[in-house]
Amino acid sequence: MPVAGIICEYNPFHLGHAWMLEQLRQQGMDGIVCAMSGNFVQRGEFALLNKQSRAEMAVRCGADLVLELPTVWSAAGAEQFARGGVALLEQTGVVTHLAFGSECGNAEELYRLAGILDSEDYQIMVQKELLSGKSFAVCRRMAVAKIAGEETAALLDAPNNNLGVEYCRAMRRCKSRMEVMTVSRTGADHDGAPKGGIASASHVRRLLMDDRAAEAVTYLPRESAQVLLREMAEGRAPVTMERCERAVLACLRRMEETDFLPYDGGGEGLYRRVYRAVQENCTVAEILDAAKTKRYSHARLRRMLLAAYLRLPTEAEEQLPYLRLLAANQRGRQLLRMMQKNHVPVLTKPADVTRLGSTAEALFKAEAQRTDIYTLAYPDVQQSRCGADWRAVPILL
């Protein structure tokens, strides 16, 4: 049975996401499994809605099974994010195709580009380019252009192509059995204005932050809009880091300069710059602006601050110790039974995590604590009682 796996955030689930799922069905996929970010996302931000609500959106709008990608992968840079998502889908044993949206719509070209980025020639070339002081993204593009030509390098100019390449690299690294398939994006560009009736997730989030919910829901499928409006009515959305800003600042101000070092990543002295920015500024936005240079993007800096706030481990395991079920429909439950029959470590009841070993238990406890931190950003603080992850049960439709 052909089953598509999607690595996603659905922050929130909008019409463009629904269109992609429809395309996968039309291309013969009998099932759709999602590896979805938990409560913190790849931009280094709090997700707009909690993971259970976003998983419910996905299953009500066409996905069959949603599994959680924990924070250590979901809030990481593109490479680690992709590794975690690919590892999760590979571990299910039921996913036959890794599917993603891209601007170019050409899976073979993206897979070929992944091979270039993993080559020794590329590693030598990009290190030479980095001596110029330019950002890594610019140096990477220049290195690829010199090796494979401008047309191939131009693929890196588009954000979804970029992420697709990282998925392909992760697949190459783990010798994945999955096939690569990509769907050409339609509608709004990444972070762009609405186009053809489809808005980007970032545009929808901006509308909600501007108290324009009535306009925002016009870009969501009806079922997704219903979940969003319910969560807003109950005081659990929209969620932003700003609601926890003083707690974040308090944590950052307790840190010494060397405490930021583990989150530097590149060993380029960025931790010193971030420490100074924390000492000299009064808001997260000001810290980001003060630390930013051509070489360091806002997204990288946000991930660094979030990792420090949540005390995330700097290294992630290659394999997930469990796959946590967030939501499923009838087809998804069939896939779940196949996984369980093959002894995949699926977690459906939080209390059962103790049966999966100490590594699984430690990860779940850490993730539950991060959820308790996340819920403090709910508009209604009365909704933020501790232990949400321990009480949550999968949404079964």
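Predicted model: local features only at pLDDT ≥ 70, side-chain atom pairs only at ≥ 80, totals over all residues.
Visitor: How is the packing of two helices described?

Guide: Two packed helices are described by the angle between their axes and by the distance between those axes. Take helix H13 (residues 245–253) and helix H16 (residues 298–310). They pack at an angle of about 80°, with axes 9 Å apart. Angles of 65 to 115 degrees count as roughly perpendicular, so H13 is roughly perpendicular to H16.

Visitor: Which residues make the contact?

Guide: H13 contributes Ala247, Val248, Cys251 and Leu252. H16 contributes Leu305, Ala308 and Tyr309. By class, seven are nonpolar, none polar and none charged.

Visitor: Why do residues three or four places apart in an α-helix point the same way?

Guide: Now look at helix H6 (residues 120–130). Its Tyr122, Val126, Glu129 and Leu130 are buried. Viewed down the axis of H6, the buried residues fall within an arc of 95°, so they line one face of the helix.

Visitor: What do the buried residues of H6 pack against?

Guide: Helix H5 (107–117) and helix H7 (136–148). The face of H6 turned away from the buried side carries exposed Glu120, Asp121 and Lys128.

Visitor: And a strand? Which residues of S1 point which way?

Guide: Val3, Gly5 and Ile7 point one way, while Ala4, Ile6 and Cys8 point the other. Both sets are buried. That covers six of the six residues in S1 (residues 3–8).

Visitor: How many bridges join S1 to strand S2?

Guide: Six, and S1 runs parallel to S2 (residues 31–37). Cys8 stands opposite Met36 of S2.

Note on methods
Residues numbered from 1 in each chain as written. Heavy atoms only, no water. Axes fitted to C-alpha atoms, helices over the stretch in contact; angles between N-to-C directions. Helix = DSSP H or I, 4+ residues; strand = E, 2+ residues; numbered from the N terminus. Parallel < 35°, antiparallel > 145°, perpendicular 65-115°, else oblique. Contact = heavy atoms within 4.5 Å. Nonpolar A, V, L, I, M, F, W, Y, C, P; charged D, E, K, R; others polar. Buried < 20%, exposed > 50% of the residue type's maximum accessible area, 1.4 Å probe, protein only. Arc of directions from axis to C-beta. Pairing = 2+ DSSP bridges.
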